[in-house]
Number of protein chains: 2
Amino acid sequence: VSLEDDIEAFGQIGRDGEGVTRLAWTAEIEAARAWLLQRLADLGLRASVDEAGNVLGRWESGRGTAILVGSHIDTVPHGGRFDGALGVLSALEAIRQLKQNGIRPSRPIWIAGFNDEEGALLRTSMLGSRAFVGGLDLADLREHGVAVAMAAAGFDLERLPEAKRIDQVGAYLELHIEQGHTLDERGIDIGVVTSIAGLVGLRARFTGETNHAGTTPMRSRRDALVGAARVVLALRNDARRRSDSTANVGSISAEPGAANAVPGRTVIEIDLRSSSRDHFVRLEPRARLLIAEIAAEERLDVDIELVQSKPPVELDPTLQSLIASAAEAEHASSIDIASGAGHDAMLIAPHVPAGMIFVPSRRGISHSPDEFTSPEHCLLGARVLARTLTALVTN
Amino acid sequence: VSLEDDIEAFGQIGRDGEGVTRLAWTAEIEAARAWLLQRLADLGLRASVDEAGNVLGRWESGRGTAILVGSHIDTVPHGGRFDGALGVLSALEAIRQLKQNGIRPSRPIWIAGFNDEEGALLRTSMLGSRAFVGGLDLADLREHGVAVAMAAAGFDLERLPEAKRIDQVGAYLELHIEQGHTLDERGIDIGVVTSIAGLVGLRARFTGETNHAGTTPMRSRRDALVGAARVVLALRNDARRRSDSTANVGSISAEPGAANAVPGRTVIEIDLRSSSRDHFVRLEPRARLLIAEIAAEERLDVDIELVQSKPPVELDPTLQSLIASAAEAEHASSIDIASGAGHDAMLIAPHVPAGMIFVPSRRGISHSPDEFTSPEHCLLGARVLARTLTALVTN
């Protein structure tokens, strides 16, 4: 058994044309759990599924809190074979290497295959790791219809609080593809993740006046789409000024939606990120001010809703050093890098020291069947993970 | 019977909450036809429905070609009581006035209640008047599924060519609400329409690259929505420079449509108008150039499709003079005005001299339950129409 074989085998589960679809609470993720339980058992670990659908594999050895290693096993619709999966499969590879090297861990090592990091089915992102740290809002999940989906898969929403096991964990390691193209473009093997960007999600609803496109003089219009278009560009231009920040408008609608009607209503979904704590706190007020100014200039009413807010997370400096040393020992090039994407580590880092290893994503493509990391980089990443883990359990 | 009564009674047909919905080939338009046939018969006209669902009322008098007077009887969904309807009902009122005045027309007067000017059901705008002038493309209608809708209403698509009766018409008069707010804002009673703006409809599809909103550096993005937003603003700014032109983007979509995905694809629907023939011919090439430049700057591919192109139409100068004189005789204020909206007159004007009378729309609102023209302005418009008609049939 090799890491490459595992990537190939696991990528067949939920295969959907060219892509992979494993959404939480579906038959595909259940098949993924079954596969992973078997692979963990083959390695001699105690394998189980928790109340949130996370797969846990326990190498109970030594004493004290466990080192948790893993990532997530779900995907977006028509996603790739590496996002999440590689973190779990490289953890299996790391365990193989430790066993081959005759390591007897001084403390337990747990492997996690988290459920529903993407939240693609019911917009419940990071449900698995959130349950693991005891951070779920059950009332909110009930509102989102999660209970029905869970029951259909044989799970009970009311038992989710029992999945909290963070108290038995002393540190967390997660390997992940970069999902950006910094490593790939610069030809770097390993990213030592320093932080995970904070995220502010906003929804802005502009209201102007629907009018006839041919009879309303240009100066008399209150065009909601024009206001939204100005916001799209202003947010883009603002984010371009800072290397630690991004801004995206990913969704837009204009009503009534006829070519010959001046749009009276437009809704946009905004995604703002920053890895800087100082700048993060300014994201929401700056965006609100900018939107309000443009709306006033275009004589539009605007309603701005905060959809989500996750502050940036700093990863543990000691773990960063261990990862960098492990990369050096493997003769791998490495750089410090901030993660623009959210990860399960984001939930765990506030509770215990957490470290993340990035491997290159070809052309930065992710959430796509074209997602790709070379077998060499996958294996190199797993070896860096194994060395870091070894350092943590042999002191 | 008064014009005000007719507006009230006709507005009940297809009443839908606060608005009015009479789409072609539905039970509501059939009810409107039945009502109108009865009213025409009451006036002593020979009333019939043609092969395109237009209602025709013939006052066969004198000799030569007929003066056609009318507008359309269909509406947009949840439309108002005045758009189209007022032109037909004021024609009834004009006939009443001619009869009261003992006029014996020197030539026939026909009233038209055109079907499907809005084209709201199947995007077949001006089907009725187009059939009347023999300008339909049957193959195109077959593709749009019109045959089935027509058959269900008891009509036969293959017989549409028989509705061509323009050869028996010598001139056309249409009264319509302005659907803009020039008359209302300036306190003018009557608009003497000089021209109907030409219209270019374009659909632009931008293709960039879908990427993760958090991990793709701002400078590396190929954001299709950013390109589209720049086009929305550039077209608006361009149109603002000319008083005879408008530009509108009424529809937009971004894919994949998730807040955390940089949009790889965006489609916009563009509506460009100009009442100037010189400028009209530049609308499409200018827009194509502007879109191509922005797409190149944003590193996007773009496909631009011409959806429709209708050149501007000049209305007949003699009829304009007659309408202006009629307004003066009624002690009504009047101005020359270009129509930004399309009308049945647009189809008829290339065949015979055509004239249009605008009455004020409160706040310019149209295609809405809030559409309103005062009873006084409705009646004044009908009197100007009656005077103009009298001048045409008493020479």
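Predicted model: local features only at pLDDT ≥ 70, side-chain atom pairs only at ≥ 80, totals over all residues.
A search of the whole structure gave 4 cavities of 30 Å³ or more. The largest cavity has a volume of about 130 Å³. Its lining is made up of 13 residues, and those closest to the centre are B:D238, B:L272, B:H279, B:L283 and B:R286. Three elements of chain B, namely α8 (224–240), β11 (245–255) and α9 (277–297), each supply at least two residues of this lining. The largest share comes from α9(B), with 5 residues. By residue class, the lining of the largest cavity comprises 7 nonpolar, 3 polar and 3 charged residues.

The second largest cavity holds about 80 Å³ of space. Residues of chain A and chain B line this cavity: A:M218, A:R221, A:D223, A:L225 and A:V226 are found in the lining together with B:V232, B:L235, B:R236, B:A247, B:N248 and B:V249. Two or more lining residues are given by α8 (224–240) of chain A, and also by α8 and β11 of chain B. The lining of the second largest cavity divides into 7 nonpolar, 1 polar and 3 charged residues.

In chain A, an open sheet of 4 strands was identified, with the order β11-β13-β9-β14 and antiparallel pairing. The edges are formed by β11 (245–255) and β14 (301–310) of chain A; each has a single partner strand, so one side of each is left without a neighbour in the sheet. Neighbouring strands of this sheet are turned against each other by 15 degrees on average, direction ignored. In general, the strands of a sheet pair through backbone hydrogen bonds, in either a parallel or an antiparallel manner. Between β11(A) and strand β13 (residues 265–274) of chain A, which run antiparallel, there are 10 bridges. Within these strands, A:T246 stands opposite A:R273 of β13(A). Helix α9 (residues 277–297) of chain A lies across β9 (198–207), β11, β13 and β14 of chain A, and runs at about 10 degrees to β9(A).

In chain B, strand β9 (residues 198–207) is mostly covered, as 8 of its 10 residues are buried. Strand β13 (residues 265–274) of chain B is joined to β9(B) by 10 bridges, and the two run antiparallel. In this pairing, B:R203 is located opposite B:E269 of β13(B). Strand β14 (residues 301–310) of chain B also pairs with β9(B) in the antiparallel sense, over 9 bridges. The bridge partner of B:R205 in β14(B) is B:D303.

One residue of β13 in chain B, B:I268, was examined individually. B:I268 counts as buried because its relative accessibility is 0%, under the 20% limit that defines a buried residue. Neighbours within four places in sequence aside, B:I268 is in contact with B:L202, B:R203, B:A204 and B:F206, as well as with B:A228, B:V231, B:V249, B:S251 and B:I252. The C-alpha atom of B:I268 is separated by 46 Å from that of B:L392, a residue 124 places away along the chain.

Residues up to four places away in sequence not counted, B:A163 touches B:D50, B:E51, B:A52, B:A131 and B:F132. The C-alpha atoms of B:A163 and B:A94 are 25 Å apart, with the two residues separated by 69 residues along the chain.

A hairpin is also found in chain B, formed by β3(B) and β4(B). Strand β3 (residues 46–49) and strand β4 (residues 55–59) of chain B pair in the antiparallel sense over 4 bridges. Across this pairing, B:S48 stands opposite B:L56 of β4(B). The hairpin has 5 residues between the strands, and B:G53 adopts a positive phi near 85 degrees.

Key
Residues numbered from 1 in each chain as written. Chains lettered and ligands numbered in written order. Heavy atoms only, no water. 1 Å grid on protein atoms, 1.4 Å probe; cavity = no way out; pocket = protein on both sides within 12 Å on 5 of 7 lines; lining within 4 Å. Points joined across faces, edges and corners; volume = space filled by probe spheres on them. Nonpolar A, V, L, I, M, F, W, Y, C, P; charged D, E, K, R; others polar. Contact = heavy atoms within 4.5 Å. Pairing = 2+ DSSP bridges. Axes fitted to C-alpha atoms, helices over the stretch in contact; angles between N-to-C directions. Buried < 20%, exposed > 50% of the residue type's maximum accessible area, 1.4 Å probe, protein only.
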